[in-house]
Amino acid sequence: MSVADLDLRMSRRALVWQIPLLLFTLAVGVIWAARCSMWELAAVLLLMPVLLLGDMVVTLRGRVRVTREGVGNRLGVRWTWTPWHQVKAVQVRRGIIGRSAVLVGVDGHRRLLAAPHDRFLARDREFDRRIRRMLELAGDRRPELVEVSAKSGSLVRTVLSLLLVGSALVRLLPVLWPPDQPWWPGRLEAARIPRACSALDPAVAQQYLGSARKVIDHDSRDDLSDLSRCMWEGALGLLILRYDRYADVDFQNGMRESADRYESAVADAVRDGARRTAETPSLGDEAVALLGSPVRGVHEAHVVSRRANVVVAVTLRSDHPAGRPAARTLRDAEEIARTALGRIAFG
């Protein structure tokens with residue numbers, strides 16, 4: 001190769017954004033493979049990594065040799081050679097993120113050159129000078145220099161990339177920053193619920209039941225919800241306290257599920273014969289008190305309340321209505337629900 005020949009390489013500064021974006025895309029694809037729709041799965045796991053890997057290969061291997069005889073070009077593995085007499089024009093394509101050089105053959109065939117390449121985070125200050133030097137090496141066969149706008153094609157690729165990255169962010173954000181955490185901005189969510197059997201002191205349970213013996217102590221937890229249920233029996237009746245907490249589902253912060261659970265708990269009480277009272281206690285975001293019809297001298301009060309992503313349901317049964325009228329049973333159930341809500345830590 002003579003001194004006058006050009007040996008151009010693609011700048012590797014573009015790896016600064018290519019490598020992190022590739023790792024990010026792969027991480028999103030692995031984490032959300034089970035929950036992505038088909039087009040997202042194809043885009044995140046196939047299209048984006050293929051595009052990025054292709055760009056990285058060109059960045060690492062891209063090389064151009066320009067001599068008086070022609071242009072050698074390597075975008076990846078294979079070299080291609082184009083003599084100057086087969087080159088009709090050299091196009092400088094100007095896109096959104098930079099400029100690139102393209103050889104246009106006499107047959108209309110276009111070949112993208114690995115360099116010079118002036119692009120985002122890999123600016124080539126010598127781009128114009130190198131293009132001029134390439135044309136000088138062509139001598140009398142000097143091809144035409146044409147500047148074209150490639151913004152339409154560049155825009156399509158840029159918009160596609162932004163859509164794919166945006167979709168990945170939407171999928172990954174709840175993992176990195178779960179919206180059911182108490183520090184989620186603008187939300188008063190509960191990250192956890194207390195155990196129902198620990199929410200009320202034994203002395204408090206005895207106050208309502210005369211004596212208190214735990215019959216049910218049940219807790220369960222999964223990725224989408226928490227449940228804690230406790231039942232006490234005593235000389236004066238029965239007390240049941242239940243917590244339901246719902247986590248994020250499709251970025252809804254558990255609000256939709258907790259609202260559905262609230263409605264179903266109220267519907268269950270009505271189906272069992274309870275009726276809504278005229279007074280609705282001011283508990284949480286929404287609440288309702290229901291009083292069951294006396295059966296053989298026994299009546300039940302139900303209070304269902306919801307705050308944010310937690311539903312609290314209280315059932316208080318009085319086996320001695322003479323000593324505890326229905327109105328008092330209802331007030332006691334409301335007080336128990338208020339105490340239970342107070343044990344929840346909201347952000």
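How many residues apart are R133 and E136 in helix 3? Being 3 residues apart in helix 3 (residues 127-137), R133 and E136 are separated by about one helical turn. Their side chains meet in a salt bridge, with 3.2 Å from N to O; the term stands for a side-chain nitrogen of Lys or Arg within 4 Å of a carboxyl oxygen of Asp or Glu. R133 is partly exposed at 24% relative accessibility, and E136 is partly exposed at 43%. Here buried means under 20% relative accessible area, exposed means over 50%, and partly exposed lies in between (1.4 Å probe, protein chains only).

The model is predicted: local features need pLDDT of at least 70, side-chain atom pairs count only at pLDDT 80 or more, and totals for chains, interfaces and linings use all residues. Residues are numbered from 1 along each chain as its sequence is written, and side-chain values use heavy atoms, with hydrogens and water left out.

As an overview, the protein has 8 helices and 15 strands; helices (H or I, at least four residues) and strands (E, at least two) are DSSP runs, numbered from the N terminus. Of its 347 residues, 44% count as buried. Contact means heavy atoms within 4.5 Å, and among contacts with a separation of 6 or more, 55% come from residues 24 or more positions apart. The protein exposes about 18300 Å², of which carbon and sulfur atoms supply 56%; accessible areas come from the Shrake-Rupley method with a 1.4 Å probe, and for residues only the protein chains shown count as cover.

Salt bridges come to a count of 20. One of them joins D219 and R195, whose closest N and O atoms are 3.3 Å apart. D219 lies in strand 9 (residues 213-221) and R195 in the loop between helix 4 (151-176) and helix 5 (196-199), so the pair ties together parts that are 24 residues apart in sequence. D219 is partly exposed at 35%, as is R195 at 37%. Another salt bridge links E257 with R256, the closest N and O atoms being 3.4 Å apart. E257 counts as buried at 18% relative accessibility, whereas R256 is partly exposed at 40%. Salt bridges that share partners also join R195, K214, D217 and D219 into one network.

Helix 7 (residues 255-271) holds S258, which counts as buried because its relative accessibility is 0%. A polar atom of the S258 side chain lies 3.0 Å from the backbone oxygen of A308. Leaving aside residues up to four places away in sequence, S258 touches Y246, R306, A308, N309, V310 and V311.

Strand 5 has two partners to follow here. Strand 5 (residues 87-94) and strand 6 (residues 98-105) pair in the antiparallel sense over 7 bridges, where pairing requires that DSSP find at least two bridges between two strands. V87 stands opposite G105 in strand 6, and a hairpin of 3 residues joins strand 5 to strand 6. Strand 5 also runs parallel to strand 8 (residues 144-149), with 6 bridges joining them; V92 stands opposite E147 in strand 8.

The loop between strand 5 and strand 6 is the place of I96, a partly exposed residue with a relative accessible area of 45%. Together, V16, I96, I97, F120 and L121 make a nonpolar surface patch of about 460 Å².

Terms used
A polar contact is a pair of N or O atoms within 3.5 Å; within protein, one must be able to donate a hydrogen and the other to accept it, and residues adjacent in sequence count only if both atoms are side-chain atoms. Patches are made of residues with over 30% relative accessible area and no salt bridge: like charges are joined within 9 Å, nonpolar side chains (Val, Leu, Ile, Met, Phe, Trp, Tyr) within 5 Å.
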